[in-house]
Amino acid sequence: MPITCPVCRREQGADARYCAHCGTALTTPSESSTGSSASSNDLNLRALSGMTVLLILAVLFPPWEAPPADPPAFLGLHPLWSPPTPTAIVSRMLLTIETMTIAIGGIYLAWWFRGK
């Protein structure tokens, strides 16, 4: 059964998702009766909120390392306001790896659980 575009009123094939003339998204009667909406394709805000919290924690509790003059050593995750030793420095490389892993993982999870 052909679908009629609601904007330009041209008939499209039964399996068309978009109007070939004007590009409007087409919905079939079965899609509109099941309650499908644009919000089902939104990203999962719970996963994105969790990612944001983890990113803030990653900045507040950064990975510390020994200063360049000392032998390389990972000193752990300590609060930004309380370094493990007076000469410890924030490891920019490990902080970048940590934050990018959290960001990519959070976006992936938000996409994976979208609409659920």
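## The strand pair S3 and S5

Strand S3 (residues 63–65) and strand S5 pair in the antiparallel sense over two bridges. Strands pair if DSSP finds at least two bridges between them. Within this pair, Glu65 stands opposite Ile89 in S5.

This is a predicted model, in which local features need pLDDT of at least 70 and side-chain atom pairs count only at pLDDT 80 or more, while totals for chains, interfaces and linings use all residues. Residues are numbered from 1 along each chain as its sequence is written, and side-chain values use heavy atoms, with hydrogens and water left out.

## The sheet and the chain

S3 and S5 belong to an open sheet of three strands, in the order S4-S3-S5, with antiparallel pairing. Strand S4 (74–77) and S5 are the edge strands, each pairing on one side only.

The chain has three helices and five strands. Helices (H or I, at least four residues) and strands (E, at least two) are DSSP runs, numbered from the N terminus. From the N terminus on, the elements run β-β-α-α-β-β-β-α.

Helix H3 lies across S3, S4 and S5, running at about 160° to S3. Axes are lines fitted to C-alpha atoms, for helices over the stretch in contact, and angles run from 0 to 180 degrees between N-to-C directions.

H3 also packs with helix H2 (residues 45–60), at an angle of about 175° and with the axes 8 Å apart. H2 is therefore roughly antiparallel to H3, a label for angles over 145 degrees. Residues in contact (heavy atoms within 4.5 Å) include Met51 and Leu55 of H2, and Ile102 and Ala103 of H3.

## Ser91, between S5 and H3

Ser91 is found in the loop between strand S5 (89–90) and helix H3 (92–112). Leaving aside its neighbours within four places in sequence, Ser91 is in contact with Pro63, Trp64 and Glu65. Ser91 has a relative accessible area of 1%, so Ser91 is buried (under 20% relative accessible area, with a 1.4 Å probe and protein chains only). In the whole chain of 116 residues, 23% are buried.

The side chain of Ser91 makes a polar contact with the side chain of Glu65, at 3.1 Å. A polar contact is a pair of N or O atoms within 3.5 Å; within protein, one must be able to donate a hydrogen and the other to accept it, and residues adjacent in sequence count only if both atoms are side-chain atoms. A polar atom of the Ser91 side chain also lies 3.3 Å from the backbone nitrogen of Leu94.

Key. Buried means under 20% relative accessible area, exposed over 50%, partly exposed in between (1.4 Å probe, protein chains only). Angles under 35 degrees count as roughly parallel, over 145 as roughly antiparallel, 65 to 115 as roughly perpendicular and the rest as oblique.
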